[in-house]
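Here are my notes on this chain, written for a first reading. Keep the sequence and the picture side by side as you go through the points.

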Amino acid sequence: AASARTERWSDVLDRLQRTADSAGIGRQRRNPRRGRVLVLPTADGLLYSQAHYEWPADAAPTLAGVATFSHGAARSGNTLAEALGSPRGDFVPGDGALRASVLALQRRMSDALRRGDWTAFGVAFDGLGRLLRPPGR
């Protein structure tokens with residue numbers, strides 16, 4: 001059995017921020033804001049994910065990108081799918097059906113976390129994986 005690697009929370013936050021800054025989606029933006037850090041259990045340990053936004057005072061926020069950290073490796077992308085390693089061409093930005101499906105699954109995951117229902121969380125997480133998996137994988 002693989003041993004679980006435990007990361008210090010401050011190290012995780014620092015790594016996510018450094019990854020975002022290196023990718024140009026972090027503090028160097030004109031109106032940067034960070035989203036909440038999502039901690040997702042996987043078969044191999046924990047996956048940390050944080051969205052970064054451009055959020056001007058007089059306009060709606062836009063997603064600048066996403067940073068992830070898992071198993072000592074950090075990645076970034078314009079979307080969560082990209083940060084998880086999916087090629088850019090697999091998704092159509094602004095696709096309403098995809099966005100609605102992802103948001104519904106995210107709500108189910110959040111609700112399950114609040115209830116401490118790991119089974120429901122896992123089912124929703126698996127659904128998100130199937131939704132975001134590139135065709136043929």
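1. Ala51 has Val66 of strand 3 as its bridge partner. The model is a predicted one, so take this pairing as a prediction.

2. That pair belongs to a longer contact. Strand 2 covers residues 45-54 and strand 3 covers residues 62-70. The two run antiparallel and are joined by eight bridges. Another pair to find is Glu54, which stands opposite Thr62 in strand 3.

3. Now look at the other partner of strand 2. Strand 1 pairs with strand 2 over nine bridges, again in the antiparallel sense. Strand 1 and strand 2 form a hairpin, and two residues lie between them.

4. How many of the ten residues of strand 2 are buried? Seven are, and the strand is mostly covered.

5. Next comes helix 1. This helix has 15 residues. From its first C-alpha to its last it reaches 21 Å, close to the 21 Å expected at 1.5 Å a residue. Just after helix 1, Gly24 takes a positive phi of about 80 degrees.

6. Which residues of helix 1 are buried? They are Val12, Leu16, Gln17, Thr19, Ala20 and Asp21. The cover over the buried residues of helix 1 includes strand 1, strand 2, strand 3 and strand 4.

7. Helix 2 is the next stop. It spans residues 80-83, and Ala81 is in it. Is Ala81 buried or exposed? Its relative accessible area is 7%, and the cut-off for buried is under 20%, so Ala81 is buried.

8. The chain has four helices and four strands. From the N terminus on, they run α-β-β-β-β-α-α-α.

9. A few totals describe the whole chain. There are 137 residues, and 32% of them count as buried. The accessible surface comes to about 8900 Å², with 52% of it belonging to carbon and sulfur atoms. Take the contacts between residues at least 6 apart in sequence: 39% of these join residues at least 24 apart.

10. Last, check the confidence. The average pLDDT of the chain is 82, and 85% of the residues score at least 70. Among the elements, helix 1 (residues 9-23) has the highest mean pLDDT, 92. The lowest mean, 80, belongs to helix 3 (residues 96-115). Where pLDDT is low, the predicted coordinates should not be read in detail.

Technical notes:
Residues numbered from 1 in each chain as written. Predicted model: local features only at pLDDT ≥ 70, side-chain atom pairs only at ≥ 80, totals over all residues. Heavy atoms only, no water. pLDDT = per-residue confidence, 0-100. Pairing = 2+ DSSP bridges. Buried < 20%, exposed > 50% of the residue type's maximum accessible area, 1.4 Å probe, protein only. Contact = heavy atoms within 4.5 Å. Areas by Shrake-Rupley, 256 points an atom, 1.4 Å probe, with all protein chains shown as cover. Expected span 1.5 Å × (residues − 1).
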